[in-house]
Amino acid sequence: MQQEEKTNCDSDTFRKVFKYYKQKRPAPDLTGVINFKDESTFEQNGIRTYSSCSDYGSSLTFDVLGLKPLDDWNIFTVNKHPGLFFISNPFTKSGIEYWIRQSFENYCLPPNPINIKENIDIRNCSDDTILQKLRWATLGYHHNWDTKEYDENFRDKFPCDLSQLSTIIAKYVGFETFTAEAAIVNYYSLDSSIGGHTDHSEKNHDAPLISISFGQTAIFLLGGTEKNVAPTPMFIHSGDVVIMSGPSRLCYHAVPKIIPNAEFAVDGRWSTIMSKMRLNLNVRQVNL
Ligand SMILES: O=C(O)CCC(=O)C(=O)O
Ligand SMILES: [Fe+2]
């Protein structure tokens with residue numbers, strides 16, 4: 001009850017910041033948005049580089065999964081947000097193409113549910129206007145948007161490649177036993193946003209949320225466990241991975257804005273649509 005009151009009164013600082021970055025005119029000032037590509041801002045934002053203690057055997061799967069060798073990974077923490085890890089694009093160029101291809105040619109096909117109810121085959125869809133209506137697909141335990149509960153009877157096999165990728169990423173930040181059981185693939189157009197929310201439907205809150213993005217740039221907001229905490233804005237560029245664990249696992253977060261990035265280009269079948277889209281693979285462990 002108390003929580004509801006808080007959300008409805010003026011102390012919804014999260015929402016104010018969300019609205020600020022979402023507004024079109026006047027355009028928001030982006031100078032305060034953390035850019036993990038700009039080292040000169042690290043000190044003022046309490047950003048530290050992180051070194052992993054994980055030991056991986058053969059590096060074979062790294063190539064297969066489109067990852068750069070571990071030595072080339074850049075990973076950061078933010079003092080204000082314990083449990084948050086930010087991996088600055090650990091993917092190769094062909095790796096990025098691979099995950100984009102999987103998102104359009106595999107993850108959004110039956111039996112996986114998608115937001116578009118008409119019977120269309122996205123793979124062979126030459127009509128950009130239909131493709132631009134694609135908003136989400138769910139994998140593994142399918143997210144129920146109404147009840148927000150996972151159901152044993154509404155579940156398919158989790159894709160092997162995305163599971164392996166998530167295992168490697170989780171291990172890198174110290175979660176040796178992470179098992180990918182559910183994912184939402186979010187497809188954002190340049191006008192899309194996702195409002196402030198927490199992801200708490202999973203039984204297991206000790207397992208991290210792993211969020212992998214491709215395509216156009218996003219402004220991502222990470223707040224606290226209450227909506228009265230002012231969120232930290234940060235840019236998410238193509239290939240970046242955000243991991244929310246520990247004290248950050250149940251924090252409010254949002255994407256108020258997508259910003260076209262003229263530098264982003266991808267070859268192949270999906271290059272045109274990806275010039276106007278952002279993909280986000282949001283992976284969770286459900287069970288304990
Ligand atoms: O697109 C993002 O970066 C976040 C998506 C998200 O928070 C979710 O799917 O729960
Ligand atoms: Fe989320």
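This is a predicted model: local features need pLDDT of at least 70, side-chain atom pairs count only at pLDDT 80 or more; totals for chains, interfaces and linings use all residues.
Residues are numbered from 1 along each chain as its sequence is written, while chains are lettered from A and ligands numbered from 1 in the order in which they are written.

**Annotated sites**

An unreviewed UniProt entry gives the feature "binding site" at H197, D199 and H253. These residues span 57 residues in sequence, yet no two of their C-alpha atoms are more than 9.0 Å apart, so they gather at one spot. The unreviewed entry also carries "domain: Fe2OG dioxygenase" over residues 179-287. That span is 4% helix and 45% strand, and its end C-alpha atoms lie 9 Å apart. Helices (H or I, at least four residues) and strands (E, at least two) are DSSP runs, numbered from the N terminus.

H197 sits in strand β6, residues 194-197. D199 lies in the loop between β6 and β7. D199 contacts L209 and R284, leaving aside its neighbours within four places in sequence. Contact means C-beta atoms, placed from the backbone, within 7 Å.

How exposed are H197, D199 and L139? The table lists counts of other C-beta atoms within 10 Å. A residue is buried at 20 or more, exposed at 12 or fewer, and partly exposed in between, with C-beta atoms placed from the backbone.

| Residue | Class | Other C-beta atoms within 10 Å |
|---|---|---|
| H197 | exposed | 11 |
| D199 | partly exposed | 19 |
| L139 | buried | 27 |

**Strands**

Seven of the seven residues of β7 are buried, so β7 is largely enclosed by the rest of the structure. Strands pair if DSSP finds at least two bridges between them. β7 runs antiparallel to β10 (residues 241-244), joined by four bridges. L209 stands opposite M244 in β10. β7 also pairs with β12, antiparallel, over six bridges. There, I212 has L281 of β12 as its bridge partner.

β4 (residues 136-140) is mostly covered, with four of its five residues buried. Five bridges link β4 to β5 in the antiparallel sense. W136 faces N186 of β5 across this pairing. L139 belongs to β4. The contacts of L139, beyond four places in sequence, include F158, P159, A182, A183 and V185. N112 is 27 residues away along the chain from L139, but their C-alpha atoms are separated by 6.2 Å.

**Ligand shell**

Which residues come closest to ligand 1? They are I184, N186, V255, N280 and N282, out of 13 that surround ligand 1. A residue is near if its C-beta atom, placed from the backbone, lies within 6 Å. β5, β7, β8, β11 and β12 each supply at least two shell residues. The shell divides into six nonpolar, six polar and one charged. Ala, Val, Leu, Ile, Met, Phe, Trp, Tyr, Cys and Pro count as nonpolar, Asp, Glu, Lys and Arg as charged, and the others, Gly among them, as polar.

**Core**

The largest nonpolar core holds 71 residues; I100, A183, V185, I210, F220 and I243 touch the most other members. Strand β5 (residues 182-189) gives the largest share, six residues. Such a core is a set of buried Ala, Val, Leu, Ile, Met, Phe, Trp, Tyr and Cys residues joined through C-beta atoms within 7 Å. Not counting residues up to four places away in sequence, I100 touches F214, V266, W270, M274 and L279.

Definitions and conventions:
Two residues are in contact if their C-beta atoms, placed from the backbone, lie within 7 Å. UniProt positions are given in the numbering used here, feature names are shortened, and annotations may be inferred rather than shown by experiment.
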